[in-house]
Amino acid sequence: MANRTKELVAHLTARIQEGVIQPGERLPTESSLVEAHGVSRTVVREAISRLQAAGLVETHHGRGSFVLAQPSTTPFEVGATGELTVEGLLELIEFRIAVESEAAALAARRRSAAQLTDLRTALDDFAGSAAKPSAAVQADFQFHLRLALAAGNRYFRDLLKSFGPGVIIMHRERLRPSEERFRGIIAEHENIYAAVERQDADAARAAVRVHLGNSRARLLRAQA
């Protein structure tokens, strides 16, 4: 039961941290959580108790459990002073390489089974969004955010959240990618996922560096 409780806590915590369940919103009902996750009511109640202890939710008798607002932080905004130039975008990619490669290495060491499942879901969503650029950006960002969450360090998580989907650079190749190029981008993400799945920190770090390095090359090619 302890493992099922831990998995449910991780799942709900991720949904709160990702903003899927916003502050003030009610968590799914006890019955719906039992049905959706195939666990007992005891597991659900223990998971909610742990979320309460972590200061993530507050339970009101007869009304349910509601997500609490977390302490605000100053956002690290992409393009805060205006639209990014090509030079600014290249600097952003360099910054992401430095940060996200280490986050991936930590994620490979620390990820839980539930976090790996969430990462797989985001990647599958991304792979299925080739014809929908907006959906592709959201799914791509979700993959990178969940990778940061799996690192188990709130600073990685908070940084990626403050960036938002705007961190996913849109250029001509991303708006109208050929099937071959889109498959290549998905393959890069598959390599990251595979390294995290087998808990190979060095390979995860390298896979992110390759992916973002290729993103840099795609940006430069699109500007040529």
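Arg-120 is partly exposed, at 23% relative accessible area. The scale runs like this: buried is under 20%, exposed is over 50%, partly exposed is in between, with a 1.4 Å probe and protein chains only.

A word on the source. This is a predicted model, where local features need pLDDT of at least 70, side-chain atom pairs count only at pLDDT 80 or more, and totals for chains, interfaces and linings use all residues. Residues are numbered from 1 along each chain as its sequence is written, and side-chain values use heavy atoms, leaving out hydrogens and water.

Which side chain meets Arg-120 in a salt bridge? Glu-190 does, at 2.8 Å, N to O. Salt bridge here means a side-chain nitrogen of Lys or Arg within 4 Å of a carboxyl oxygen of Asp or Glu. Glu-190 lies in helix H9 (residues 179–197) and Arg-120 in helix H5 (residues 113–127), so the pair ties together parts that are 70 residues apart in sequence. Helices are DSSP runs of H or I, at least four residues, numbered from the N terminus. Glu-190 is partly exposed too, at 29%.

The structure holds 14 salt bridges. Another one joins Glu-30 to Arg-41, with the closest N and O atoms 2.7 Å apart. Glu-30 sits in helix H2, Arg-41 in helix H3.

Now helix H4. Arg-96 and Glu-100 form a salt bridge there, at 2.5 Å between the closest N and O atoms. They are 4 residues apart, so about one helical turn separates them. Both Arg-96 and Glu-100 are buried. H4 also has a kink of about 25°, centred on Ile-97. That bend is the angle between axes fitted to the seven residues ending there and the seven starting there.

Notes
Helix = DSSP H or I, 4+ residues; strand = E, 2+ residues; numbered from the N terminus.
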